[in-house]
Amino acid sequence: MNKSLSVSNLLGISDLNINDLNLIFKTANYFKEIINRPIKKVPTLRDITIANLFFESSTRTKLSFELAEKRLSSDIINFSAQYSSLNKGESLIDTVNNILAMKVDIVVLRHPNPGAAFFLSENVNSIIINAGDGSHEHPTQALLDSFSLIEKFGNLKDKNIAIVGDVLHSRVALSNIYILKKMGVNIRVCGPKTLIPRHIESLGVEVSYNLIDTLKWCDAVNMLRIQNERMNFNFFPSNREYSQLYGLNTDVIKKIKNEIIILHPGPINRGIEISSEIADSDQAIILDQVQNGVAIRMAVIYLLAKKININD
Ligand code: CP
C-alpha cells in the first residue's frame, strides 16, 4: 500500500483511488485506538495551523473537524461567515487569502454552493478539505460511513447497501455512491420519484421506489434527511405521507424480518425519515458514525499535512 495519498486536497471521493481509501481507513484505525486512550492527544501536527471556514450550518462536521485538529495538536482558527467582512462585500478568495496571510496551512470549507471547494483549490495556495459543498459531495461523511460499515461487516465487496430518501439534494448520497462503488458494493437508491435524480443509474446503481422491497434486499441502509433548506417547493404532498411510504419505523422493520444495519448521517428528522425507536435501537449505528468521524478526519488531516512535509 502507498504511504501517501494520490491527492493534495480532499475535494471529493471521486478523486480518490482504492489505495487512498485503504490508507485513510488504516490511519483512522490507528487514530481511533489513540482517541480511546486516557490521553487522547498526539503532538503530531503542533506546527500546523488550520482554518475552519463554515458558510453553512453544521453541528457534527464542524465539531468533529475541530476535535480532530485538537487531538492532533494543531492550532485552529474558526471562521463564521455571519460575522465576517463578507457582509461588507469581500469575496471568498480575498477572505481566504487574508486568512492564509496569517500563516494558515490547511482550510476546511463547508459551503452551500456545489464546487466551492474545487473553486478555492484552483485559486488559493493552501490545502483544501471539502466539509460539504451544497448538494455535491461530503467526502469525510462517506469515509466515516464506509469505515463504520467495515467495522460491522469486514470487507464490503458484494454487500448490498441501500440509500433511502432525498437522494436528489444529498451530497452524502453522491459521496457514498462513489465510495461504495470503488469498494465493489451493490447499491440501490430508493425514494419518491421526485427525489431520485434522473439517469442516476448511469452511476452504476439500481433504483427502486419501494421501501419494503429495498430493505428486504439490503444488508445495510443509509437513511437520508429530507433537505428542506434546499427545496423551494414541495417534492411530496406532506411529511405525513412521506413517512408513511418511506419512513423507517418498527412496523416496517417487522415486515422485513432480516437484521439490517441502519445508518443516518444526521441531523435526524425524528418521525419523518426514521422513528425514534429505530434511531435509538441497537440496529442503528448513528452514534458510532459520529465517533468514527473524529478518527477519519484526523486521518485525512494527517495524511494531507504530510504532503507539505510539516510532519512525518
Ligand atoms: N452529517 C453532517 O454533515 O452533519 P452536520 O450538518 O451537522 O455537520
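This is a predicted model: local features need pLDDT of at least 70, side-chain atom pairs count only at pLDDT 80 or more; totals for chains, interfaces and linings use all residues.
Residues are numbered from 1 along each chain as its sequence is written, and side-chain values use heavy atoms, with hydrogens and water left out.

**View 1. The two domains of the protein chain.** The chain is divided into domain 1 (13–136 + 290–309) and domain 2 (139–287), with bounds from an automatic or database domain assignment. Their C-alpha centres lie 26 Å apart. Across the boundary, 29 residues of domain 1 are in contact (heavy atoms within 4.5 Å) with 26 residues of domain 2.

**View 2. The shell around the ligand.** Ser58, Thr59, Arg60, Thr61, Arg110, His138, Gln141, Pro265 and Gly266 surround the ligand, a residue being near if one of its heavy atoms lies within 4 Å. Both domain 1 and domain 2 give residues to this shell, so the ligand lies between them. The shell comprises 1 nonpolar, 6 polar and 2 charged residues; in this scheme Pro counts as nonpolar, Arg as charged, and Gly as polar.

View 3. Polar contacts are pairs of N or O atoms within 3.5 Å. An N or O atom in the side chain of Arg60 is 2.9 Å from an oxygen atom of the ligand. For the side chain of Arg110, the distance from an N or O atom to a ligand oxygen atom is 2.9 Å. A nitrogen atom of the ligand lies 3.2 Å from a backbone N or O atom of Gly266. Of the 250 Å² of accessible area that the ligand has on its own, the protein covers 92% (Shrake-Rupley method, 1.4 Å probe).

Definitions and conventions
A polar contact is a pair of N or O atoms within 3.5 Å; within protein, one must be able to donate a hydrogen and the other to accept it, and residues adjacent in sequence count only if both atoms are side-chain atoms.
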